[in-house]
Amino acid sequence: MTTQFKDSIETALHNPNLTGALGRFSEAYRVSRAKAYEGIDFETVRDEIVAAKADASSRFEELAQQFKQNAEARGAKVFRTSDPEQVKQYILDLAREQGVQRVVKSKSMASEEIHLNKAFEKAGIEVDETDLGEWIIQLAHQTPSHMVMPAIHMTKEEVATVFSQEVEEGQMPDIPKLVKFARAKLRPKFLQADMGITGANIAVAESGTLVIVTNEGNARLVSTLPRIHVAIVGIEKLVAQVKDITPILTALPRSATGQLLTSYVSMISGQVPNTDGSPKQLHIILMDNHRSDMAKDPMFKEALQCIRCATCLNVCPVFRLVGGHVFGKTYTGGIGTILTAWFDELKKADDIQGLCIQCGTCVPMCPGKIDIPKLILELRRRIVVEKGQSMGMKAIYAVVNNRRLFHSMLRVAAVTQKPFKQGRFIRHLPLFLSDMTEFRSLPAVAPRPLRDTIKEIEQPKSPEKVAFYAGCLIDFCYPEMGESLVKILNKAGIEVIFPDEQTCCGAPARYNGAYEVAGQNARDNLKALLATDVKHVVSACPTCTVALKHDFIETFKSLGESDAMAQAEELSAKAIDFATLVKKLVDEGRLTLKEGETLEKITYHDSCHLKRTLKASQPPRDLLQQAGHELSEMYECDTCCGMAGSYSLKLPEISAPILERKLKFIKETGATKVVMDCPGCVMQIRGGLDKEGSPIHAEHTVETLANRFK
Amino acid sequence: MSHSFESFKTRAEAVSAEVHRFGTQEEATAFLLSFLQEEGVSPQEGAVCAAGTFLDGPRKDDLKVKVPGLSFEVSQAASASSKVGISQLDWGIAATGTLVQDASAVDKRLVSTLPPIHVALLGTDRILADMNSVLEHLRPQELNYISCITGPSRTADIERVLTIGVHGPERLIIVVVDDLQQVMA
Ligand code: SF4
Ligand code: SF4
């Protein structure tokens with residue numbers, strides 16, 4: 001990571017206006033979005049959007065030709081190019097020919113992508129943004145920090161200062177007055193401009209229609225008053241038919257701002273008269289700039305289904321901390337990372353791809369059904385392929401890929417950690433490693449791993465066996481979780497076997513783009529876990545379960561290796577998480593919870609992978625309540641705790657405030673215990689509570705339930 | 001029909017539009033007259049009206065006499081200096097409280113964008129369920145500029161505080177008239 005990047009994170013985190021504004025917004029956003037979707041079936045709407053956009057991106061060339069033909073038949077001039085330089089040249093030439101001196105713009109991200117304003121300024125042409133947020137940004141010489149609300153990082157005081165310095169002295173930080181001021185100052189610019197530039201939200205091939213949505217009404221003025229209208233449209237805005245407009249118009253305002261519809265929607269399909277009655281020049285630039293390359297990439301094609309609603313920014317636990325500027329210049333947030341990698345260059349996404357904590361919160365809320373975390377992982381993988389893994393990482397992976405060496409090192413750690421250990425925590429680490437313990441205590445490596453202790457448990461011999469996949473954390477730090485699991489399954493008459501050859505699930509390597517390493521981990525585990533004849537392979541770590549169920553397959557796919565695919569699928573069918581398995585056993589009457597217990601009040605934290613990939617948020621809650629616990633839900637129970645494997649080591653400055661927020665909501669419930677299903681989350685949350693000296697206890701569901709069965 | 005109207009009104013009012021309904025064109029004209037007078041429309045602070053079936057013939061002449069400052073000659077300059085713009089809209093959408101019109105004629109856009117108040121006239125029977133139904137009548141395949149208007153102009157670009165009336169009208173007055181027979185657009 002570059003120091004410049006680390007610095008930009010520092011700056012963002014120390015800007016209380018930014019973190020305050022974004023934090024409040026992200027909370028209000030969820031409520032208004034949900035309200036706007038009342039009575040609408042989101043899944044149906046997004047299926048329609050995906051159908052329309054996926055169809056379009058599989059035949060951009062055809063639709064672009066069709067669009068051109070239809071729009072030109074109705075009086076527009078359509079210019080197609082893949083090169084951003086040519087876009088600028090076309091517009092500058094046009095401006096020169098037509099004697100254009102003043103330009104007004106309504107919001108166009110495509111124009112920002114190609115830095116059009118700079119080109120105008122160089123050519124001595126006056127250009128003004130008219131979207132209020134964009135105008136503020138322009139005056140402040142900044143770049144937008146959010147795709148829908150470009151100036152969300154600025155306070156009214158800052159806006160007043162910018163207006164006073166750049167436009168007219170003496171502006172007060174009073175929002176209605178600032179808005180009135182903007183209206184008054186921009187009005188003459190609309191009236192005097194010779195050229196109006198807009199973007200478009202949708203471009204319909206069959207009719208040559210551009211659909212433009214705004215709330216302020218500036219796009220209507222920009223497309224009405226100046227004698228020349230230029231629309232800059234990325235080809236990913238193309239859809240085939242007029243009927244494709246409605247699902248996008250249903251989702252975009254609801255997802256972007258919680259509105260049923262924006263104040264204005266303009267559908268422009270051809271030449272209209274100017275205010276003096278002469279025919280208005282309408283120029284439409286269909287810009288490619290790597291979009292059709294993207295469409296040809298089987299993995300990234302889906303990113304073209306984006307409707308730029310910014311939901312993935314608004315719900316992102318990282319974005320709400322650092323805001324858009326850390327992400328780059330034009331497109332921000334998770335989707336921005338992907339678009340930057342393609343529209344700009346892969347290299348530019350090197351640092352920012354690391355911001356995604358892989359929590360998956362954005363996935364079910366994206367109207368374009370884009371799996372952003374998956375695509376960001378793929379970027380990470382490609383970056384590693386392109387520039388290679390760092391020496392340090394290589395050394396680590398060499399160890400992880402050698403199970404014996406890896407495990408013996410962990411055993412050594414159990415001894416060498418002594419100087420730093422107090423009880424079951426490591427509270428200080430020397431020098432540069434101290435970042436790791438700054439905001440939470442780290443668990444000490446257990447004196448004896450589960451792979452040793454499990455052999456000492458006397459289990460009933462049973463024909464019914466399950467294999468236990470422990471994962472590194474339970475095996476080496478929290479063996480008691482594994483022991484509890486054995487105890488519970490034994491009560492159902494099931495014998496738990498522990499295949500000794502099991503090794504790291506490969507998630508750490510995979511999440512760092514080291515797919516070869518992850519692939520080797522997958523092969524080793526397949527061999528170990530499929531050697532025994534069992535119905536289920538159970539795991540009490542959701543990240544591991546996801547690896548067994550999905551990631552092995554995905555990793556092989558990305559690597560283009562198919563030889564072990566059948567085994568990976570066999571394992572996928574057998575893999576099951578602890579809570580789901582136990583709930584099933586309870587429902588089948590094979591496990592019975594002790595009755596009539598009134599147990600302490602608890603709160604439950606949803607681990608990202610359990611909730612969003614394995615979709616098991618209910619089984620642990622049911623079990624805990626059936627056991628007799630009162631469940632008091634915390635605010636944002638399914639928001640990431642900030643752990644995410646090595647993320648908390650690489651970006652502790654982001655991980656720490658995410659954890660802080662989590663702890664706050666846990667404390668607010670008044671529960672004495674917070675329960676979760678992931679040893680990684682236990683490590684993070686328990687470590688955070690310990691560091692604060694809080695009496696609240698954090699534990700895994702398996703521990704909470706260990707003695708609750710008859 | 002009245003169900004559609006109620007839904008339309010609820011939605012439109014939820015986004016700060018003002019909705020009035022009248023049984024007859026006479027009543028609507030009377031309202032318009034008193035509204036323009038109350039707003040102090042005068043030759044200095046005028047009103048511009050883009051032609052429609054409603055304000056045509058004798059009603060138009062009558063209003064012109066009673067409201068000096070009301071002009072039916074729409075131009076950029078007249079619209080930019082007027083306080084009120086009046087136009088007749090083609091369709092309404094019950095689901096969102098939206099007004100839709102074929103706005104290919106520039107006059108229709110001038111009177112609904114530049115003055116701070118926009119008075120929109122609509123026949124009650126023109127309110128349809130949703131966008132899809134309207135797009136069957138106002139077809140982008142045929143019309144070069146279709147405008148959809150949902151409430152007055154708004155922004156939340158400074159600290160996310162909703163503020164009405166940035167570049168477009170700060171008030172949208174919707175006058176729905178039961179006996180207004182509109183010519184199919
Ligand atoms: S990726 Fe999805 S959620 Fe993000 S802006 Fe695009 S459509 Fe919206
Ligand atoms: S997966 Fe989580 S961290 Fe990554 S972009 Fe989506 S919401 Fe943000």
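The shell of residues around ligand 1 comprises 11 nonpolar residues, 1 polar residue and 1 charged residue. This briefing concerns a predicted model, in which 62 residues of chain A are in contact with 46 residues of chain B.

**Ligand 1**
- There are 13 residues around ligand 1.
- Those that come nearest to ligand 1 are A:Cys306, A:Cys309, A:Ala310, A:Cys312 and A:Cys366.

**Ligand 2**
- The shell around ligand 2 holds 7 nonpolar and 4 polar residues, and no charged residues.
- Cysteines around ligand 2 include A:Cys316, A:Cys356, A:Cys359 and A:Cys362.

**Interface of chain A and chain B**
- The two chains bury about 4500 Å² between them, and 57% of this area lies on carbon and sulfur atoms.
- Of the area that chain A buries against chain B, 16% is supplied by A:Arg183, A:Arg220 and A:Met267, which is more than any other three residues supply.

**Polar links and salt bridges between the chains**
- Between chain A and chain B, 34 residue pairs are in polar contact, counting pairs with both residues at pLDDT 80 or more.
- The interface of chain A and chain B contains 2 salt bridges.
- A salt bridge joins the side chains of A:Lys180 and B:Glu170, with an N to O distance of 3.9 Å.

Terms used:
Residues numbered from 1 in each chain as written. Chains lettered and ligands numbered in written order. Predicted model: local features only at pLDDT ≥ 70, side-chain atom pairs only at ≥ 80, totals over all residues. Heavy atoms only, no water. Near = heavy atom within 4 Å. Nonpolar A, V, L, I, M, F, W, Y, C, P; charged D, E, K, R; others polar. Contact = heavy atoms within 4.5 Å. Buried area = accessible area lost by both parts, 1.4 Å probe. Salt bridge = Lys/Arg side-chain N within 4 Å of Asp/Glu carboxyl O. Polar contact = N/O pair within 3.5 Å; in protein donor to acceptor, adjacent residues only side chain to side chain.
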